[in-house]
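Let's take a friendly walk through the charged side-chain pairs of this protein. The structure is shown first, and the notes follow.

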Amino acid sequence: MENLISLVNKIQRACTAIGDHGEESALPTLWDSLPAIAVVGGQSSGKSSVLESIVGKDFLPRGAGIVTRRPLVLQLHRIYEGKEYAEFMHLPRKKFTDFAAVRQEISDETDRETGRTKQISSVPIHLSIFSPNVVNLTLVDLPGLTKVAVEGQSESIVQDIENMVRAFIEKPNCIILAISPANQDLATSDAIKISREFDPKGERTFGVLTKIDLMDKGTNAVDILEGKSYKLQFPWIGVVNRSQADINKSVDMIAARRREREYFQNSPEYSHLANRMGSEHLGKMLSKHLETVIKSRIPGLQSLISKTIIDLEAELSRLGKPIAADAGGKLYTIMEICRAFDQNFKEHLDGIRPGGDKIYGVFDNQLPAALKRLQFDKHLSMENVRKLITQADGYQPHLIAPEQGYRRLIESCLVYIRTPAEAAVDAVHSILKDLVHKAMGETTELKQYPTLRVEVGNAAIESLERLREESKKATLQLVDMECGYLTVEFFRKLPQDIEKGGNPTHSIFDRYNDSYLRRVASTVLSYVNMTCASLRNSIPKSVVYCQVREAKRSLLDFFFTELGKKESKHLAKLLDEDPAVMQRRTNLAKRLELYRSAQEEIDAVAWSK
């Protein structure tokens with residue numbers, strides 16, 4: 001079972017190394033899910049002495065006021081040979097054999113994080129102690145609860161410490177080691193009070209009673225130790241720490257343990273409880289209980305880790321790949337992102353994604369409706385027909401049919417078609433622009449790089465502008481073609497009635513009467529309507545060929561050509577990812593590595609059991 005605690009120790013150290021130690025996060029932290037023993041107590045409750053008794057070494061800072069200002073994750077490793085030593089996680093290659101130096105390094109490392117302002121920090125210090133005099137155990141020493149702030153501390157320090165302690169012990173995986181002094185009323189115990197908030201039934205709280213030897217004469221702590229005063233699921237444990245005089249004289253810790261055993265064995269009040277009293281028994285019991293809890297939590301840990309790995313992989317996928325270091329890699333990244341965008345754009349046009357159907361709506365609804373709204377009949381009023389035919393005849397009236405008049409009337413009508421034709425081109429252009437914006441929004445990779453997104457967007461819009469001009473030119477040419485060459489067959493099929501065609505023996509005034517002009521207007525309108533029907537079919541073909549087809553084929557061709565000419569420095573500017581996103585990706589990658597490693601190791605332990 002010892003490897004279970006070692007496994008948790010290893011994972012806790014890795015969690016701290018990557019900052020995964022219980023801070024607010026969008027994803028659950030592995031630290032929160034690991035069983036841990038949190039040491040809770042008020043100032044001067046003897047908390048430090050209890051820890052030193054379990055370790056068998058003087059190693060914790062001492063002094064007035066709040067001494068512990070950062071959580072200390074104390075990992076004890078039992079060794080069977082060799083000299084005892086300590087290691088800090090922040091100094092991985094340095095072994096401390098002088099425990100006075102360990103005490104100083106705890107103070108120094110606390111100041112590095114909090115400064116010398118006596119403020120507190122939730123970032124833990126990791127200390128591992130390897131000794132033949134310890135059991136395999138992990139404890140988290142928390143700042144002592146206090147009632148007032150001392151000089152140099154903010155007034156919020158009291159609440160800040162309580163909040164930190166609560167943040168640890170509120171987790172259901174946390175085992176609470178509540179330290180209370182026997183020479184004070186248990187009802188006023190800070191440790192019991194705060195542990196009761198989150199563990200009212202005492203199911204995960206171990207009560208430790210210190211300073212039993214300092215109680216007033218005629219009083220004892222038997223009722224508390226027997227669970228009569230305040231019952232917990234686990235038996236209370238009494239300890240007798242070294243006195244301040246012993247500490248000042250540097251009394252050997254092993255000798256202090258022996259004196260503690262003798263105190264309980266020889267005391268009339270406590271002799272019947274001696275077998276479960278003392279710091280040695282406390283350490284062994286906590287180690288055994290921690291092993292049991294860890295074993296029971298393995299299935300839950302495996303489930304949590306598997307789910308979190310999936311979440312981390314999904315988040316990393318959403319954030320996209322990291323930027324390549326070399327110019328070739330950067331160019332490849334940009335090209336791949338552009339291809340992804342281009343593919344999304346094509347899928348909109350091809351109907352795989354919505355939006356492309358709006359182009360057909362222009363051809364099937366907007367263009368026919370616009371052509372229908374053209375008021376050719378007003379243009380072909382008697383007055384206008386007479387005017388144009390007369391002007392076309394010039395000084396010589398027409399002989400049989402007013403051919404030049406017909407041409408002028410038809411041309412003047414067909415010119416009106418240019419407006420709906422241009423409107424169709426512009427409408428399709430607007431739709432293509434919308435599809436570009438949609439495709440950009442759907443291309444996840446573009447969200448990583450704001451500058452590239454702007455450049456690609458500008459390049460796509462500029463390309464569409466060029467295509468619009470080409471399409472407009474080609475489409476208006478269709479209209480101009482109809483004006484430039486009339487369909488002769490239409491006129492050859494008209495009835496050649498002498499009255500309709502005109503009689504050369506009639507006077508010039510007869511040729512301009514209303515009946516005659518109405519026939520001319522009717523003929524022109526029929527021809528113009530025939531031409532509209534033809535253009536209704538040919539304009540969409542021109543627009544699709546010049547705009548839609550070319551947009552699918554070469555939307556970013558010009559951008560790609562220019563991109564190949566750019567230097568690495570400019571490519572790097574295009575891939576100017578938000579530093580916060582880069583940092584988040586790095587953090588997520590580290591967490592993913594941690595969770596995968598933890599998964600392998602926990603699975604190995606689970607199978608071995």
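## Terms and overview

A residue is called buried when its relative accessible area is under 20%, exposed when that area is over 50%, and partly exposed in between.

Please keep in mind that this is a predicted model. Side chains of opposite charge can pair when their charged atoms come close. A search of the whole structure finds 28 salt bridges, and a few of them are described below.

## A link between distant parts of the chain

Asp111 and Arg69 form a salt bridge through their side chains, with 2.7 Å from N to O. This pair joins distant parts of the chain, 42 residues apart: Asp111 belongs to helix α4 (residues 99-114), while Arg69 sits in the loop between α3 (47-55) and β2 (72-78).

How accessible are the two partners? Asp111 counts as buried because its relative accessibility is 17%, and Arg69 counts as buried because its value is 9%.

In helix α5 (residues 157-169), Arg166 and Glu162 lie four residues apart, about one turn of the helix. Their side chains meet in a salt bridge of 3.0 Å, N to O. Glu162 has a relative accessible area of 23%, so Glu162 is partly exposed.

Helix α21 (residues 514-554) holds both Glu550 and Arg553, three residues apart, again about one turn of the helix. The closest N and O atoms of their salt bridge are 2.7 Å apart.

Technical notes. Residues numbered from 1 in each chain as written. Predicted model: local features only at pLDDT ≥ 70, side-chain atom pairs only at ≥ 80, totals over all residues. Heavy atoms only, no water. Salt bridge = Lys/Arg side-chain N within 4 Å of Asp/Glu carboxyl O. Helix = DSSP H or I, 4+ residues; strand = E, 2+ residues; numbered from the N terminus. Buried < 20%, exposed > 50% of the residue type's maximum accessible area, 1.4 Å probe, protein only.
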